[in-house]
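Dear colleague,

I am passing on the structure that we discussed, and below it you will find my notes on what came out of going through it. Please read them with the structure open beside you.

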There are 2 protein chains.
Amino acid sequence: MFLDASGSAPMTNRTLEAFHAGLADGWADPSRLHTESRRARQLVDAAREAFADVLGTRPEHTHLSHSPHTGLERIIAGIFAARRGRDRIVGTAIERDATLLAAHHLAGGNVTTVPVDTLGHVDLDALAAELAVPDVALAAVQHGNHEIGTLQRLDQVAEVTRSANVPLVVDATASIGHGASPEHWDALVANPADWGGPSGLGIVALQPRTRWLPSWPEGDDWAPGGVFVPSVLAAAVALQERTEQLESTTERLRGLVARVRATAATWPGVDVVGDPDERLPHIVTFSCLYVDGESLLSRLDREGIAVGSGSACTTSTLEPSRVLASVGALSHGNVRLGLHPGVTEEQISRLLALMPRVIADLRAEAGAPEL
Amino acid sequence: MFLDASGSAPMTNRTLEAFHAGLADGWADPSRLHTESRRARQLVDAAREAFADVLGTRPEHTHLSHSPHTGLERIIAGIFAARRGRDRIVGTAIERDATLLAAHHLAGGNVTTVPVDTLGHVDLDALAAELAVPDVALAAVQHGNHEIGTLQRLDQVAEVTRSANVPLVVDATASIGHGASPEHWDALVANPADWGGPSGLGIVALQPRTRWLPSWPEGDDWAPGGVFVPSVLAAAVALQERTEQLESTTERLRGLVARVRATAATWPGVDVVGDPDERLPHIVTFSCLYVDGESLLSRLDREGIAVGSGSACTTSTLEPSRVLASVGALSHGNVRLGLHPGVTEEQISRLLALMPRVIADLRAEAGAPEL
């Protein structure tokens, strides 16, 4: 029972078939001249068209990187380099680590994070005030937040960045494949693993007008050494499948998420986090007072249920979630569900039936007061 | 008839099976805490052990990068950063573009390339003279050359670098899986696609004593955003398969290569390139006077034969080979064969029977004098 489909999800049969076809036809190096390589190159070109189509740009402005992380790094570096003389980067307080680390690295720490409200929406007045100072190279604003699910009002954000003449980099790594693609951006980064494609691949989409400079003296600025063609093909097919089924899937998952939010809100000492309406349809998160996040994950794992958490220390993060802290939510005892299209009503029922007992047990073990 | 197995090769059935197993069991993000992720992490750990075993180091010193290119970039950057105060990089004249571009980028152009002789061996006296100046951060020396097949005498090279106390970075991206792994290095980079694994993956092996500093403020210094676990598993199985069959395959391919070299040497106006003995067993290259490289490739491609060439302008290189120029070989009309273990005696016979007519036709078309 896999309920951690945020950044990764099991592949569907159709995506797996695409992968197998890619392994058979796309193993050759697409940069060479012979038939085998041309075939691989054609697969990549077709995939770039499919990505561009969904993202709303042209294939020649759609680039493949080695991961969403490197995509964010490279485009932030590229736009920063093209805006020579402007040396500050502005982001929201709930951007991904990859974005903020790249920004700090490039701007030598000259980074401003704009606060968000308790639902996770960026403070537009504060953003406008920061961009009014003419030293800003770029603004980085997420589309959907991977932890709390809140969707930014990107039309309003883009009005602010446009009137300040500051390029807008949109991290759409948690939203593409889960709803309409955002329309207002100068650069956008997407993550195929998040929509059921393979990991180890990122997509960077640009507008024709977007100016950037290569940050490395190489022919291939986006993925030095190339990408794995079968992965590219599988990512495109996975996105196509998600897009075709978007309406029915979204409605169904939105219903499951609403049910989790309503039920969890009735449990004592539990905070449900993020905007109730303007949100990703498949992400839902809540925090439990007096409960240790890692113990919660382990306990659910032993019950055969995989969930995520903003308060667990994993191999990649050693601190509880900065995002939860930014919206003023409890950063301990956090459970994050990411629902892939295969998740059923029954699975959610089982989780909801189990949770109150799990929470009570863990509180009792920790000697917490009754709530 | 695929004779361009240098940097890429079709996967064997056993490798494809490993890939499929990886897609089933290794799709989850290995950095999370639940069972699905732990399973993915176990696959990665087992693969790192397999790589470490073949490369002669320990798993904890064996890192995965997004490609051999990024592996070379990251380890050259890492060692360069750890050698603060020494700001020059020394390489051989026939290193890969990725190595020399990374070196130029990091050292601000302060790069010295040491010449090689007509067989492709680095001039050891010249190398020692460069390293005698105490401003050298690191020396980059290939193991096997991907274009001409020559194997460097790394034991002698390492004597020079060791006595100068300069770290030795060995590009083994063309040699691992084709013979004994080199023994003398401080850092080594390998390419799974070259031994029949997937592309989009690089391996960086270090010695316990090797000092490096992260060049990016992140937890994951080698592959930001992670690698694709099924690829890692397939790469390990492909290497294992190659290693098991190494002796018999090597001997057979060495025989085919010797046959190509001997036959091509009898064709008028054809130069056979690289060391006849100290060489990779599966790479063979020759250059044809008065013949255009791209026409040659296209003609063979129409005959159903895929070969490589150091003189073709591809999407990734716009100039004829620097390597061929460095050994004083003709850089036009070049044909490079890379023989994967499935290549047969009959395929080579067909190529050798065809080549003299192809060369003669292309010379006639170009109005070249008879030879």
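The domain assignment of chain A, with bounds that come from an automatic or database domain assignment, gives domain 1 (13–244) and domain 2 (246–365). The centres of domain 1 of chain A and domain 2 of chain A, taken over C-alpha atoms, are separated by 27 Å. To the contact between them (contact meaning heavy atoms within 4.5 Å), domain 1 of chain A contributes 30 residues and domain 2 of chain A contributes 24 residues. Between them the two domains of chain A bury about 2,100 Å², 54% of it on carbon and sulfur atoms, where buried area is the accessible area (1.4 Å probe) that two parts lose on being put together, summed over both. In domain 1 of chain A, the residues that lose the most area to domain 2 of chain A are A:E147, A:I148 and A:H178, which together account for 32% of what that side buries.

Before going further, please keep in mind that this is a predicted model, in which local features need pLDDT of at least 70 and side-chain atom pairs count only at pLDDT 80 or more, whereas totals for chains, interfaces and linings use all residues. Residues are numbered from 1 along each chain as its sequence is written, chains are lettered from A and ligands numbered from 1 in the order in which they are written, and side-chain values use heavy atoms, with hydrogens and water left out.

Chain A also has an open sheet of 3 strands in the order β8-β9-β10, with antiparallel pairing; helices (H or I, at least four residues) and strands (E, at least two) are DSSP runs, numbered from the N terminus, and two strands pair if DSSP finds at least two bridges between them. Because β8 (270–273) and β10 (334–338) of chain A stand at the edges with a single partner strand each, one side of each is left without a neighbour in the sheet. β8(A) pairs with strand β9 (residues 283–288) of chain A in the antiparallel sense over 4 bridges, and the bridge partner of A:V272 in β9(A) is A:F286. Helix α8 (residues 246–264) of chain A packs on this sheet, touching β8, β9 and β10 of chain A, with its direction at about 15 degrees to that of β9(A); axes here are lines fitted to C-alpha atoms, for helices over the stretch in contact, and angles run from 0 to 180 degrees between N-to-C directions. Helix α11 (residues 345–365) of chain A packs on the sheet as well, touching β8, β9 and β10 of chain A, and its direction makes about 25 degrees with that of β9(A).

In chain B, strand β9 (residues 283–288) has 6 of its 6 residues buried, so this strand is largely enclosed by the rest of the structure; buried means under 20% relative accessible area, exposed over 50%, and partly exposed in between (1.4 Å probe, protein chains only). Both faces of β9(B) are covered, with B:I283, B:T285 and B:S287 buried on one side and B:V284, B:F286 and B:C288 buried on the other. β9(B) runs antiparallel to strand β8 (residues 270–273) of chain B, to which 4 bridges join it, and B:V270 has B:C288 as its bridge partner in β9(B). Strand β10 (residues 334–338) of chain B is also antiparallel to β9(B), joined to it by 5 bridges, and the bridge partner of B:F286 in β10(B) is B:V335.

Chain B also holds an open sheet of 7 strands, with mixed pairing, in the order β1-β7-β6-β5-β4-β2-β3. Since β1 and β3 (111–114) of chain B stand at its edges, each with a single partner strand, one side of each is left without a neighbour in the sheet. Strand β2 (residues 88–92) of chain B pairs with β3(B) in the parallel sense over 4 bridges, and B:T92 has B:V114 as its bridge partner in β3(B). Helix α4 (residues 97–107) of chain B packs on the sheet, touching β2, β3, β4 and β5 of chain B, and its direction makes about 150 degrees with that of β3(B). The buried residues of α4(B) are B:A98, B:T99, B:L100, B:A102, B:A103 and B:A107, and α4(B) is followed by B:G108, whose phi is positive, near 55 degrees.

Finally, B:T62 is found in strand β1 (residues 62–65) of chain B, and at 0% relative accessibility B:T62 counts as buried.

With best regards
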